[in-house]
Amino acid sequence: MKKILIAFIALLSSNAFASDWGGKTAVIEKMYIYSTSVIIVQGDVYAGKAGCNNDNKWSFYWDQLDPKVADRVYSALLAAYTSKTPIKPIFHDTECGPENAKRFTGSFVFD
């Protein structure tokens, strides 16, 4: 159990260091769910470190996430969208996603 916990903490730490935490907390305005990708419109303008489009969208490909993680991400995004709960998405710091939008890492913060 201790080895699993250490591995989990190392995974989270490596993800945090390779991520762009500069986005701001805001309500999701629109969600476009496609078979291969997701586009989220959120009312904050932030270009991101990767140099993606400087608009209020962020995105990701389903296949970049483990299927179980993708299910949890979808559920959390849908819950945040329907309840108008502000979230802070964490972006990839060197890559853009679909439509050259900021690429979501699969992690976010609820304030």
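Predicted model: local features only at pLDDT ≥ 70, side-chain atom pairs only at ≥ 80, totals over all residues.
Residues are numbered from 1 along each chain as its sequence is written, and side-chain values use heavy atoms, with hydrogens and water left out.

Of the 111 residues of the protein chain, 36% count as buried. Here buried means under 20% relative accessible area, exposed means over 50%, and partly exposed is in between (1.4 Å probe, protein chains only). Among contacts in the protein chain with a separation of 6 or more, residues 24 or more positions apart account for 60%; a contact means heavy atoms within 4.5 Å.

The secondary structure of the protein chain comes to two helices and six strands. Read from the N terminus, the elements run α-β-β-β-β-α-β-β. Helices (H or I, at least four residues) and strands (E, at least two) are DSSP runs, numbered from the N terminus.

The six strands form an open sheet in the order β1-β5-β6-β4-β3-β2, and the pairing is mixed. Its edge strands are β1 (19–20) and β2 (28–33), each of which pairs on one side only. Two strands count as paired if DSSP finds at least two bridges between them. Strands of a sheet pair through backbone hydrogen bonds, either parallel or antiparallel.

Helix α2 (residues 67–83) packs on this sheet, where the helix touches β2, β3 (37–42), β4 (57–61), β5 and β6 (102–110). The direction of α2 makes about 140° with that of β2; the axes are lines fitted to C-alpha atoms, for helices over the stretch in contact, and angles run from 0 to 180 degrees between N-to-C directions.

The bridge partner of Ser19 is His92 in β5. Not counting residues up to four places away in sequence, His92 touches Asp20, Ala50, Arg103 and Thr105. A polar atom of the His92 side chain lies 3.1 Å from the backbone nitrogen of Thr94. Such a polar contact is a pair of N or O atoms within 3.5 Å; within protein, one must be able to donate a hydrogen and the other to accept it, and residues adjacent in sequence count only if both atoms are side-chain atoms.

The next pair is β5 and β6, antiparallel over five bridges. Ile87 stands opposite Phe110 in β6. The hairpin of β5 and β6 has five residues between the strands, and in this hairpin Glu99 takes a positive phi near 60°. Strand β6 also holds Thr105, which is buried at a relative accessible area of 18%. A polar atom of the Thr105 side chain lies 3.3 Å from the backbone nitrogen of Ser107.

Beyond β6, the pairing with β4 is parallel, over two bridges, and Trp58 stands opposite Lys102 in β6. Strands β3 and β4 pair in the antiparallel sense over five bridges. There the bridge partner of Ile40 is Trp58 in β4.

Tyr32 touches Ser37, Val38, Ile39 and Val41, not counting residues up to four places away in sequence. Tyr32 and Ser59 are 27 residues apart in sequence, while their C-alpha atoms are 9.3 Å apart in space.

A disulfide is a covalent bond between the sulfur atoms of two cysteines; the cut-off used here is a pair of cysteine sulfur atoms within 2.5 Å. By this rule the count comes to one disulfide, which joins Cys52 to Cys96 with an S to S distance of 2.0 Å. Cys52 lies in the loop between β3 and β4 and Cys96 in strand β5, so the pair ties together parts that are 44 residues apart in sequence. The torsion about the S-S bond of Cys52 and Cys96 is about -105°, and the disulfide is therefore left-handed. Cys52 counts as buried because its relative accessibility is 8%, whereas Cys96, with a relative accessible area of 27%, is partly exposed.
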